[in-house]
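Colleague: Please take a close look at a single part of this model. Pick one side chain, go through its surroundings, and give the cut-offs as you go.

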Amino acid sequence: MSFSDINIQELASAFMVLFAVIDITGAVPIINDIQNKGHTISAIKAALASYILLVAFLFVGDGLLNLFSVDISSFAVAGSLVIFVLAVEMIFGIPIFKNDGPSGTASIVPLVFPLIVGAGTLTTLLALRAEYHIINIIIALTLNIIVVYFVLKNVSLVEKVFGKGGVYILRKFLGIILLAISVKLFTSNLTSLIDIFK
């Protein structure tokens, strides 16, 4: 990992992908509902827990793959399919991923798990590793967690600024972006896998 590897295009692309997958603006109604039920959400606690877990997985994820003898390109292809399903869920409003985590404090469950650090986000991180330099992913992730913190801290303000219609449109737009990214990840990494077996 070197600062010379910083690439604005990669950074922007990784930021957009993670922003779309985390979808913190789309989760605003869910966050409001949690608060309306009398649960207290700690923005800093949720943001820090999410950041630590995601950065740890970014580095440890490769080791886990090696443990199961899975290469990064294979995981990226699998990840692209998960991202594809997430995109379909966002575009067509079909609930596919189930929020079935254990009960606990609202800042951790269901906020950190599975809304921020869900299967889609974890898969996307390792899929991005197959495409981009890790420093660009870390910077993009850091910026996303700052956005997450801001939204959690000012959830009512965000809802007023975007409005329900704005959140809906943004979710659909990000879904289309994710769909395109999933196709790109699938084709580029499938080509790599085919080249290996030639």
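Modeller: Accessibility terms come first: buried means under 20% relative accessible area, exposed means over 50%, and partly exposed is in between, with a 1.4 Å probe and protein chains only. Glutamate 131 has 25% relative accessibility, so glutamate 131 counts as partly exposed.

Residue numbers start from 1 along each chain as its sequence is written, and side-chain values use heavy atoms, without hydrogens and water. The model is predicted, so local features need pLDDT of at least 70 and side-chain atom pairs pLDDT 80 or more, while totals for chains, interfaces and linings use all residues.

Now the location. Glutamate 131 sits in the loop between helix H6 (119-129) and helix H7 (134-153). Helices (H or I, at least four residues) and strands (E, at least two) are DSSP runs, numbered from the N terminus.

Next, the charge pairing. Side chains of opposite charge can pair when their charged atoms come close. A salt bridge here is a side-chain nitrogen of Lys or Arg within 4 Å of a carboxyl oxygen of Asp or Glu. By this rule the count is one. Glutamate 131 makes a salt bridge with lysine 184, and the closest N and O atoms are 3.3 Å apart. Lysine 184 belongs to helix H8 (residues 155-196) and glutamate 131 to the loop between H6 and H7, so the pair ties together parts that are 53 residues apart in sequence. Lysine 184 is partly exposed, with a relative accessible area of 45%.

Serine 188 is another partner. The side chains of glutamate 131 and serine 188 are joined by a polar contact of 3.0 Å. A polar contact is a pair of N or O atoms within 3.5 Å; within protein, one must be able to donate a hydrogen and the other to accept it, and residues adjacent in sequence count only if both atoms are side-chain atoms.

The wider neighbourhood follows. Contact means heavy atoms within 4.5 Å. With neighbours within four places in sequence left aside, glutamate 131 is in contact with Glu10, Lys184, Leu185, Ser188 and Asn189. Take asparagine 189: 58 residues separate it from glutamate 131 in sequence, and the C-alpha to C-alpha distance is 8.7 Å.

Finally, the record. The unreviewed UniProt entry annotates "transmembrane region" over spans including 134-152 and 173-194. UniProt positions use the numbering here, feature names are shortened, and annotations may be inferred rather than shown by experiment. In the model, residues 134-152 are 100% helix and 0% strand, with end C-alpha atoms 27 Å apart.
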